[in-house]
Amino acid sequence: MRWWLFRLTKLPTLDVETLIMDFPQLIESIQLATSSSNLETLDPQQQAQLYEACDRLRSQCESPLDKTLRLLYTCHQAIAVRLAVDLKLFDAIANRASEDEDGKVRVGQLSEDVKADPKLDHEVTCAIGYSQATYIRYFLIHAIHYGLYFDVLDVRSSDILLPEYFKEKGWKTPDDIDDSPWNFAAGSKCGYFNYMASKPYYQDAFDTVMASPYRRDEKSWLDFFPVEEKLQVQSPSEVLLVDVGGGRGKDLQTFRERFPDLPGRLVLQDLAHVCGTSDIPGGIETQIHNFFDEQPIKGAKAYYLRTVLHDWPDRQAVMILSRLREAMAPDSSLLIHEKAMPETNIPWMAAIGDMTMMTAFSSLERNKNEWETLLKKAGLEVTQFWKPEGSSGQQQVIIECSIHIAG
């Protein structure tokens, strides 16, 4: 069963005796917590623990009808957020809130700012269900709103036709990128990436989200992978690290900032339209390259792929990996920065990610065994799976690989 299908249909276990042991005190504690401004002072780990506890409590108290309705109507909120992005409603809310001492905003003011019908503004704002200034600021700063351009109308609209897709194709996991659910919904074989490339605004939105901080884990891979032990070259003229399909270069910039004295060249590779929008500081080279073509840099100390392979089914993923295998020297490493899905307790966002990969690309989020099998097909073998201490299934890992030598 696919990760997302298991996770999204999993029913909670209700421990009624524990829940009602001290019901009045429980209610009072929750009300005190939600009325306290101290919640904003919690560190990320504490916030995550509290969120998980609240989510478990909600799932146990939620009636089957409420759960069903919430699942059915979640798409309405997503579309409302997309409408708010198009209206520039979040910008207007943030601007108005900064002008008011209490941070309160009236719908009439917003309708004047965005030049829309007040009733429409009211409906969209209510449907979103989020009016806190903290949420609005986060939404704007971290460029999540850009994701709504290519996610809600493109990928999510394909989800609606999944029943028709599986009815026609049969109940088997899609594995052909030219016959993906997205292609089925679009009535085209152009592919999701080619479609975005033909829509400059969507392409810019995609590239912006890929470079956004919210796409990075709380703990950087540079904190748990032994960089200075594993990545050493003898001469500054040697290539230390190649970021293949590295987007706008945020990972290499962070690498250079963390290890400014580490010798060796850093090279960012991506397609021309991506490299053209990169603002790369000195010390990082930019090279236009398609990772399906022959790798022009031979024998680098390390090649780095961050969330690239989950966009591609096994056939294309092996092609990408094989190009790197051909370029690697015996002492080269390939560092794959992706999820390694757990077998149990699938995190909600990981399940959604798996469904998104299937819908858009006929691909998937892979588990440890699937990674090892894929790499072996490309003539590579896993040296080690690196992950931060105490990490949950939501954490991404670094899969360190080397050339597989037969015998």
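Which residue follows α21, and is its phi positive or negative? The residue after α21 is Gly 379, and its phi is positive, near 80°. The model is a predicted one, in which local features need pLDDT of at least 70 and side-chain atom pairs count only at pLDDT 80 or more, while totals for chains, interfaces and linings use all residues. Residues are numbered from 1 along each chain as its sequence is written, and side-chain values use heavy atoms, with hydrogens and water left out.

The protein contains 21 helices and seven strands; these are DSSP runs numbered from the N terminus, with helices being H or I of at least four residues and strands being E of at least two. Of its 407 residues, 41% are buried, where buried means under 20% relative accessible area, exposed over 50%, and partly exposed in between (1.4 Å probe, protein chains only). The accessible surface comes to about 22,600 Å², and carbon and sulfur atoms hold 55% of that area; accessible areas were computed by the Shrake-Rupley method with a 1.4 Å probe, and for residues only the protein chains shown count as cover. Among contacts with a separation of 6 or more, 69% join residues 24 or more positions apart, a contact being defined by heavy atoms within 4.5 Å.

The largest nonpolar core has 39 residues, of which Val 242, Tyr 303, Leu 305, Leu 309, Leu 321, Leu 334 and Ile 336 touch the most other members. Helix α19 (residues 314-327) gives the most to this core, contributing six residues. A second, separate core of 21 residues includes Trp 221, Phe 224, Phe 259 and Ala 302. A nonpolar core is here a set of buried Ala, Val, Leu, Ile, Met, Phe, Trp, Tyr and Cys residues joined through side-chain atoms within 4.5 Å. When residues up to four places away in sequence are not counted, Leu 305 touches Val 244, Ile 320, Leu 321, Leu 324, Leu 334, Leu 335, Ile 336 and His 337.

In helix α21 (residues 368-377), Trp 371, Leu 374 and Leu 375 are the buried residues. Viewed down the axis of α21, these buried residues fall within an arc of 95°, so they line one face of the helix; the arc is that of the directions from the helix axis to the C-beta atoms. Lys 376 and Lys 377 are exposed on the other side of α21. The cover over the buried residues of α21 includes α19, β5 (333-339), β6 (380-386) and β7 (396-403). At the N-terminal end, α21 is capped by Asn 367, with a side-chain oxygen 3.3 Å from the backbone nitrogen of Asn 369.

The buried residues of α11 are Leu 162, Tyr 165 and Phe 166. They cover an arc of only 90° around the axis, which puts them on the same side of α11. Pro 163, Lys 167 and Glu 168 are exposed on the face turned away from the buried side of α11. An α-helix has 3.6 residues a turn, so residues three or four places apart point the same way. Gly 170 follows α11 and has a positive phi, near 95°.

Apart from neighbours within four places in sequence, Ser 180 is in contact with Tyr 165, Thr 359, Ala 360, Phe 361 and Ser 362.

Ser 362 itself belongs to the loop between α20 (348-361) and α21. Its relative accessible area is 2%, and Ser 362 is therefore buried. The phi of Ser 362 is near 55°, a positive value in a residue other than glycine. Most residues other than glycine have a negative phi. Thr 307 also has a positive phi, near 45°. Thr 307 is placed in the loop between β4 (302-306) and α19, and counts as buried at 9% relative accessibility.

Zero disulfides are found in a search of the whole structure, a disulfide being a pair of cysteine sulfur atoms within 2.5 Å. Cys 54 is partly exposed, with a relative accessible area of 43%, whereas Cys 401 is buried at 0% relative accessibility.

Conventions
A polar contact is a pair of N or O atoms within 3.5 Å; within protein, one must be able to donate a hydrogen and the other to accept it, and residues adjacent in sequence count only if both atoms are side-chain atoms.
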